[in-house]
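Open the model in your viewer and keep the sequence beside it. This tour tells you what to select next and what is there.

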Amino acid sequence: MSQRQVLQVFEQYQKARTQFVQTVAELATRSQNIETLQHAGIISLLRPLLLDVVPTIQQTAALALGRLANYNDNLAEAVVKGDILPQLVYSLAEQNRFYKKAAAFVLRAVGKHSPQLAQAIVDCGGLDALVICLEDFDPGVKEAAAWALGYIARHNAELSQAVVDAGAVPLLVLCIQEPEIALKRTAALVLSDISKHSPELAQTVVDAGAIAYLAQMILNPDAKLKRQVLSALSQIAKHSVDLAEMVVETEIFPVVLTCLKDKDEYVKKNTSTLIREIAKHTPELSQLIVNAGGVAAVIDCIGSCKGNIRLPGIMLLGYIAAHSENLAMAVIISKGVPQLSVCLSEEPEDHIKAAAAWALGQIGRHTPEHARAVAVTNTLPVLLSLYMSTESSEDLQVKSKKAMKNILQKCTYLPALEPFLYDAPPNILKHVVGQFRNSKVLFPWIFRYTSAKSRQLSTTYKLRKILFMNDS
């Protein structure tokens with residue numbers, strides 16, 4: 001046998017391996033093939049190909065493993081049990097950029113499913129290898145590493161702390177300063193995932209100087225980047241007054257309000273969420289938002305969208321109104337009550353109705369003037385209907401009842417209360433009766449006294465019902 005014939009055997013073997021991994025990688029993109037591949041023992045067949053002498057075969061084998069692990073947690077567990085992770089982690093430091101991206105994709109695909117699988121990556125030294133990749137010259141490698149770190153960090157505070165301890169945060173802050181939009185998006189997302197778990201983790205992100213760079217990107221034309229930037233700032237601001245004030249000090253107001261008019265629905269939602277997380281802490285922060293025109297802008301935003309996109313804005317109005325009479329009046333003056341009433345009546349989801357009911361209760365609970373502003377929008381009968389409906393969720397019933405109680409205890413506008421005399425159950429009717437009783441000075445035409453010891457009401461059914469409730 002000639003030398004050429006001998007070499008031809010090796011060439012055929014290489015072609016066969018190449019065709020095998022390429023075909024498997026292609027098959028793994030379609031869900032209907034996954035179970036068959038799994039039963040054929042594909043994980044154990046791909047593992048030795050990660051050490052193949054041909055770089056293309058290595059990379060394609062890693063890509064195939066990533067696609068398989070991405071499909072479900074069983075396959076991800078099979079990758080872990082097959083001792084593939086240490087091999088990938090070692091290769092991250094040794095191989096070329098194409099293999100690094102494929103290996104980081106496998107780690108990301110494994111880590112996304114559960115804290116336990118993410119911990120397996122940590123235990124095999126994956127974090128250190130991924131952090132080193134954040135310093136790679138190739139933006140694609142940085143992005144792949146950042147994705148993997150994000151999927152690990154998002155599970156819980158302990159895993160996020162492990163990512164922080166590996167030194168990822170300063171490098172992620174550098175990544176958001178890179179020119180590549182995809183890298184900026186991913187880095188901002190990871191900073192958001194780290195910040196969300198605790199004030200301490202959020203402070204670590206702040207200490208790395210992230211806020212200033214994130215704030216500069218609020219008006220970036222890329223909608224997906226704006227989503228992540230606004231989310232990261234929200235996750236930082238939500239934890240404490242100090243962190244919220246640090247976000248505000250970057251002078252995001254009134255600039256951020258323009259995002260409430262963005263074409264992207266999730267930019268609107270994340271903007272409302274950011275403002276909500278700031279407003280909830282103190283009256284002073286809420287007043288700052290009011291002064292910047294934030295209430296009117298949010299009300300317009302609520303009117304321009306539907307469903308869950310509205311939810312943060314609805315809650316924001318409730319938080320602002322809860323702080324003080326003046327702030328609640330600012331919501332009323334900006335025509336927030338009619339918009340909340342529309343949400344209460346029109347939204348099909350109970351949790352959104354519940355948020356609207358809560359917000360209306362926060363507005364109406366301060367003074368008779370506040371309560372009247374809510375009552376004249378015909379909101380009280382809607383709240384009563386939602387409270388009494390057997391189809392309403394328990395949370396919606398509770399919030400509707402609480403909102404009615406808050407409003408009725410302050411409402412002296414009797415025309416809005418009269419329908420309750422016929423329809424309200426006793427636990428609600430007592431608040432209505434109390435207002436009719438207390439209104440005898442304001443509305444002397446209701447009462448006619450016949451003696452010092454007894455009183456007589458006009459003979460209408462509703463007023464006789466009041467007398468009965470009072471005397472009982």
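Select Asn156. Asn156 caps the N-terminal end of α11. One of its side-chain oxygens lies 3.2 Å from the backbone nitrogen of Glu158. Helices here are DSSP runs of H or I, at least four residues, numbered from the N terminus. This is a predicted model: local features need pLDDT of at least 70, side-chain atom pairs count only at pLDDT 80 or more, and totals for chains, interfaces and linings use all residues. Residues are numbered from 1 along each chain as its sequence is written, and side-chain values use heavy atoms, with hydrogens and water left out.

Now select α11, residues 157-165. Its buried residues (under 20% relative accessible area, 1.4 Å probe, protein chains only) are Leu159, Ser160, Val163 and Val164. Look down the axis of α11: these residues fall within an arc of 145°, so they line one face of the helix. The arc is that of the directions from the helix axis to the C-beta atoms. Turn to the face away from the buried side. Glu158 and Asp165 are exposed there, where exposed means over 50%.

Next, show the packing partners. The buried residues of α11 pack against several helices, including α8 (115-123), α10 (139-153) and α13 (181-195). Then step to Gly167, which follows α11 and has a positive phi, near 90°.

Last stop: Arg310. Find Arg310 in the loop between α20 (294-304) and α21 (311-323). Arg310 is buried, at 2% relative accessible area. Its side chain reaches the backbone oxygen of Ile302 at 2.9 Å. The side chain of Arg310 also reaches the backbone oxygen of Cys305, at 2.7 Å.

Conventions: Helices (H or I, at least four residues) and strands (E, at least two) are DSSP runs, numbered from the N terminus. A polar contact is a pair of N or O atoms within 3.5 Å; within protein, one must be able to donate a hydrogen and the other to accept it, and residues adjacent in sequence count only if both atoms are side-chain atoms. Contact means heavy atoms within 4.5 Å.
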